[in-house]
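Trainee: Please take one close look at the side chains in this model and at how they meet one another. I would like a single connected account.

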Amino acid sequence: TLSTENKEEAAFAVKYLQNLQYNLSMNGILPQEYTVGIISPYRAQVELLRELWTNEEDKIKISTIDGFQGQERDLIIISLVRSNPKSEIGFLSDYPRLNVALTRARKKLVVIGDSSTIGNDKFYNQFIQFTQDNNFYHSVFEFWEM
């Protein structure tokens with residue numbers, strides 16, 4: 001079966017986590033003191049993330065959303081993958097599956113996605129609006145210098 005990947009998004013997710021770990025360690029919090037999961041609805045994206053994450057010492061679980069069911073981590077990074085001019089969201093239209101993903105984080109949830117692609121869907125538009133209304137929304141351009 002075909003699966004979807006987004007190389008730029010995967011690279012950003014890994015770089016974001018590396019920077020977060022660095023910032024936490026500068027404040028005396030070591031990677032072994034918190035648990036991390038990186039999840040995506042797409043198997044190809046999971047495989048790409050596993051290739052990009054080279055620090056095997058860190059106990060980071062990288063899995064599909066389905067493979068992560070019933071598990072939690074302190075930090076969850078979700079890579080939504082979809083980015084296209086037609087705003088086709090594929091698997092992302094399975095809202096119960098996404099709900100599983102959104103409820104896996106104990107302390108911090110980071111959702112990475114193309115808001116122009118997913119924002120045309122009513123569910124995701126409401127999610128984006130919620131994040132903006134509560135000052136949780138950030139553009140990738142804010143992290144440009146990472």
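**Side chains and their partners**

Mentor: Val140, Phe141 and Trp144 make a nonpolar surface patch of about 380 Å². Keep in mind throughout that this is a predicted model. Trp144 is found in the segment after α5 (122-133). Its relative accessibility is 61%, and because exposed means over 50%, Trp144 counts as exposed.

The structure has eight aromatic pairs. One of them is formed by Phe12 and Phe143, with ring centres 5.7 Å apart and planes at 70 degrees, so this pair is edge-to-face. Phe12 is buried, at 15% relative accessible area, whereas Phe143 is partly exposed, at 25%. A further pair joins Phe130 and Phe136, and here the geometry is tilted: the centres are 6.2 Å apart and the planes 50 degrees apart. Phe130 has a relative accessibility of 46% and counts as partly exposed, while Phe136, at 53%, is exposed. Why is one pair called edge-to-face and the other tilted? The angle decides: planes over 60 degrees apart count as edge-to-face and under 30 as stacked, with the rest as tilted, and the angle is 70 degrees for Phe12 and Phe143 but 50 degrees for Phe130 and Phe136. In general, a pair of aromatic rings is described by the distance of the centres and the angle of the planes. Ring pairs also bring in Tyr16, which is linked with Phe12 and Phe143 into a cluster.

Now to the charged side chains. Side chains of opposite charge can pair when their charged atoms come close. Over the whole structure, a search finds five salt bridges. In one of them, the side chain of Asp66 meets that of Arg97, with 3.0 Å from N to O. This pair links distant parts of the chain: Asp66 is in the loop between β2 (60-64) and β3 (73-79), and Arg97 is in helix α3 (residues 95-102), 31 residues apart. Asp66 has a relative accessible area of 42% and is partly exposed. Arg97 has 19%, and because buried means under 20%, Arg97 counts as buried.

Arg106 has salt bridges with Glu72 and with Asp74. For Arg106 and Glu72, the closest N and O atoms are 3.5 Å apart. Arg106 is in strand β4 (residues 105-112) and Glu72 in the loop between β2 and β3, so to speak of them is to speak of distant parts of the chain, 34 residues apart. Arg106 is partly exposed at 49% relative accessible area, and Glu72 is partly exposed at 39%. For Arg106 and Asp74, the closest N and O atoms are 3.1 Å apart. Asp74 is in strand β3, 32 residues from Arg106, and this pair too links distant parts of the chain. Asp74 counts as buried, at 12% relative accessibility. Shared partners join Asp66, Asp94 and Arg97 into one network of salt bridges.

Arg97 lies over the face of Phe91, 4.8 Å from the ring centre.

Asn84 counts as buried, with a relative accessibility of 18%. A polar atom of the Asn84 side chain lies 3.2 Å from the backbone nitrogen of Lys86. From the backbone nitrogen of Ser87, the distance to a polar atom of that side chain is 2.8 Å. Ser87 has its place in the loop between β3 and α3, and its phi is near 60 degrees, a positive value in a residue other than glycine. Val81 belongs to the loop between β3 and α3 as well. Its phi is near 75 degrees, again a positive value in a residue other than glycine. Val81 is buried, with a relative accessible area of 2%.

Key:
Residues are numbered from 1 along each chain as its sequence is written. This is a predicted model: local features need pLDDT of at least 70, side-chain atom pairs count only at pLDDT 80 or more; totals for chains, interfaces and linings use all residues. Side-chain values use heavy atoms; hydrogens and water are left out. A salt bridge is a side-chain nitrogen of Lys or Arg within 4 Å of a carboxyl oxygen of Asp or Glu. Helices (H or I, at least four residues) and strands (E, at least two) are DSSP runs, numbered from the N terminus. Buried means under 20% relative accessible area, exposed over 50%, partly exposed in between (1.4 Å probe, protein chains only). Patches are made of residues with over 30% relative accessible area and no salt bridge: like charges are joined within 9 Å, nonpolar side chains (Val, Leu, Ile, Met, Phe, Trp, Tyr) within 5 Å. Accessible areas come from the Shrake-Rupley method with a 1.4 Å probe; for residues, only the protein chains shown count as cover. Rings of Phe, Tyr and Trp (its six-membered ring) pair if their centres lie within 6.5 Å; planes under 30 degrees apart count as stacked, over 60 as edge-to-face and the rest as tilted. A charge sits over a ring if NZ of Lys or CZ of Arg is within 6 Å of the ring centre and within 35 degrees of the ring normal. A polar contact is a pair of N or O atoms within 3.5 Å; within protein, one must be able to donate a hydrogen and the other to accept it, and residues adjacent in sequence count only if both atoms are side-chain atoms.
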